[in-house]
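Q: I've got a model open and I'd like to learn how to read its sheet and helices. Can you walk me through?

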Amino acid sequence: MEAVTSTYQGSIVFLSILIAVIASYAALDIGIQINKARKQARFIWLCTGSFIMGMGIWAMHFISMLAYHLSIPVTYNIPLVMISICPAIFSSGLAFYILTRPAKGLSRFMLGALFISAGIVIMHYTGMEAMQMEASVEYNLVLWILSAIIAFIASLAALFLMFFVSRNSGTPRLWRWKAGSALTMGGAVAGMHFTGMSAARFKPHHHGGLSGITVDNTFLAYSIGIGMLIILGLVFISIFVDKQFESQSIKSESKFRSVIESANDAIILADRQGAIISWNKGAEEIFGYHEKEALGRQLQLIIPEKYREAHQKGMERFLSSGEPQVIGKTVELQGLRKGGNEFPIELSIASWVEEGKIYFSSIIRDITERKQAEDRINHMVYRDPLTGLPNRLLLNDRLKQALDQANESKQTLGVLFIDLDRFKYINDTLGHTIGDQLLIEVAKRIKAGVGDIDTVSRQGGDEFIVILPHTTYDNVSETAQRIVDLFNHSIVLSEHELFVTPSIGISLYPFDGNDIETLIKNADTAMYRVKEQGKNNFQFYTSEMNEMISKKMKLEIGLRKALERNEFKVVYQPQVDVCTGKVIGAEALIRWHHPEMGNISPAEFIPIAEETGLILPIGDWVLYEACHQSKQWHKEGCPPLRIAVNISSRQFQQHHFIGTVTKILKKTGVAPSHLEFELTESIIQDSKHAISTMQQLKDMGISLSIDDFGTGYSSLSYLKTFPIDTLKIDQSFIRNIFTDPKDASLVSTIINMAHNLDLKVIAEGVETLEQLNFLKQRRCNEAQGYFFSRPISAEEMRGIFQNQSITME
């Protein structure tokens, strides 16, 4: 039999190599897509790549076999042909699997190349076995081994090329690398095939007819080639579409990333283990870590140590239960900078699931400036700007909390109302700058006298309130006494040594009130009681004080309407020459008959009038009434006698006081010589103003006397400095001249001193003949009192003036 000869059809060979190159190029592109894809998409691309590359290798081999023409008829065993596809697809799948794994050294590539080349060899020689012909195939061992070696080298080169291209997908002009790699891979596969074909030797024999399908090789080759090219075309179209979507995604991601990077806030992404996977510029600015320092590290990096355990438990609770507590909300926490400094942050945290894994995103804002601004605003709203103490608003808030706690625990709460004594005098004398410095030092002393849990508040002016929670009666007394004692020492400010003392009123919850307003009001009431009793002390509130205050308020309201309703009247008490018994004048005294409370003592309503300023219109009314009555008596035939009128310190200090006196004298027609002003010692303490005003009154012809002499704190030098005519001895000295030798000595001394200074002396409160005789013996000039006459009406006084004397027996 003739030997079997063989030839290759060049066009079909070219087609097979072209398919190998194009399939290799497609495999490289698919390798890039696999490397980029995640989860399900990666699996799809892996399967697609395995199929396309396997089919490409198989197609190249089968078409090349179809290009191989023998001199004898050849058919193919279809089942074996189909089986030969499987090793090609399997080996391709193995190649892509290795491609997706992290590089672990040359050994992995060598092992992978071994398995892939084995698959290719199996595919090739299985395909050879599918050939049915009247000839047997023998193989040249050397060439067979060479084909296997070429398959191994081709597989190893393909793995390296695919790995390199997939890992450098962003490299410029990557298409050149892919084209070169595709040519190399296609050539290697073709080289293995043709080497394997060269190893085959066909020996003819006759075993009967051929089975299987007989098809025109050229037609079949082109059909398979065109079908494969169509499939590869579809793959390239899919890759192109995917790249377009990827491009859009990259653009969107780029825009999103640019937004993240341009944000001033820290935007941090972390995985479920808390490892940082994204760190923007805002995070670098806020926390001080560069991106390379932060990526891969735990979120504990930016969490203060005292909060780390709570953060970890919160993460574990969310991962186990899926119930968010902080996620989806905005909270304020503390952050930790690189240097270890803690600072306030605002955190918004969210979570999302991607490919079955949970991730966390955190938007963090540094709120240090906002907190500082809030602190400044809170300080302005809730703090006294001078002393820094809580103001009325913050006091009410803390007192409300303290009342709630005291109510729940059934404990006592103390409220101290503190007012400084003589502060107004210091403020007016030395100025508001010194006054403010004094208040600052006072605040420090009060705080030094209370505990850490107690609240000291400034209400305004020189008033302070102290809250003592969880206390007792004895503890409140000790605290109040401690505060009083702290002011025993002077306060030195700008070379001024100052003394101020506190008057402290105290109320206790629940005994003196159940609400804020009542407790403060009652403590204020007790404080005024301290003022009345001499100041520089403390006093607990009692219900009797409230009655006194209520009466005082009622009197104040009545005083404001008394002038309009003509409820005042002026009575007169005669002033008598001690030696002759002759009436030389009268003191005008105001009386008030309240429509509900009846007659009100001047000792009750005059201090209220002084305090409220009502003494000014009342004093002017008394002066006018006294002058008007004096003129009436003169018109009715009474001799022109002297009328004494008490002048309050507030009247005297009015800048228009001289003008008011002049106007009243002119209107009533009374001669200034018939008028005497009784001044208290407190008036002449402001010596500069007092001298000027008194001198003007003296120049007008008005007589001046010092009322209640000896009861004030005036210096005796005033007696020679001021233009005074008379000293009036207070009735408290006259009352006790026979029971207290000191009072008798004082009265004698005052009379002698006055005579030595050419001053007259009048004694008030004379009630007995013995007192009158005592005054006669000491050469007292004048006297008044119940021994001569009680204060009487103008009508009754007219009769005394007409008689011009009072019996002194």
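A: Strands in a sheet pair through backbone hydrogen bonds, parallel or antiparallel. Here, five strands make an open sheet with mixed pairing, ordered β13-β14-β12-β17-β18; strands are DSSP E runs of at least two residues, helices H or I runs of at least four, numbered from the N terminus. Two strands count as paired if DSSP finds at least two bridges between them. This is a predicted model: local features need pLDDT of at least 70, side-chain atom pairs pLDDT 80 or more, while totals for chains, interfaces and linings use all residues. Residues are numbered from 1 along each chain as its sequence is written, and side-chain values use heavy atoms, leaving out hydrogens and water.

Q: Which are the edge strands?
A: β13 (455-460) and β18 (537-540), since each pairs on one side only. β13 pairs with β14 (residues 463-471) in the antiparallel sense over five bridges, and Ser457 stands opposite Ile465 in β14.

Q: Where does helix α15 pack?
A: Contact means heavy atoms within 4.5 Å. By that rule, α15 (residues 473-486) packs on the sheet, touching β12, β14, β17 (501-509) and β18.

Q: How many residues does helix α16 have?
A: An expected helix span is 1.5 Å times one less than the residue count. Helix α16 (residues 516-532) has 17 residues and reaches 25 Å from its first C-alpha to its last, close to the expected 24 Å. After α16 comes Gly534, with a positive phi near 120°.

Q: Is Thr48 exposed or partly exposed?
A: Buried is under 20% relative accessible area, exposed over 50%, partly exposed in between (1.4 Å probe, protein chains only). Thr48, in helix α2 (residues 39-66), counts as partly exposed because its relative accessibility is 26%.

Conventions
Axes fitted to C-alpha atoms, helices over the stretch in contact; angles between N-to-C directions.
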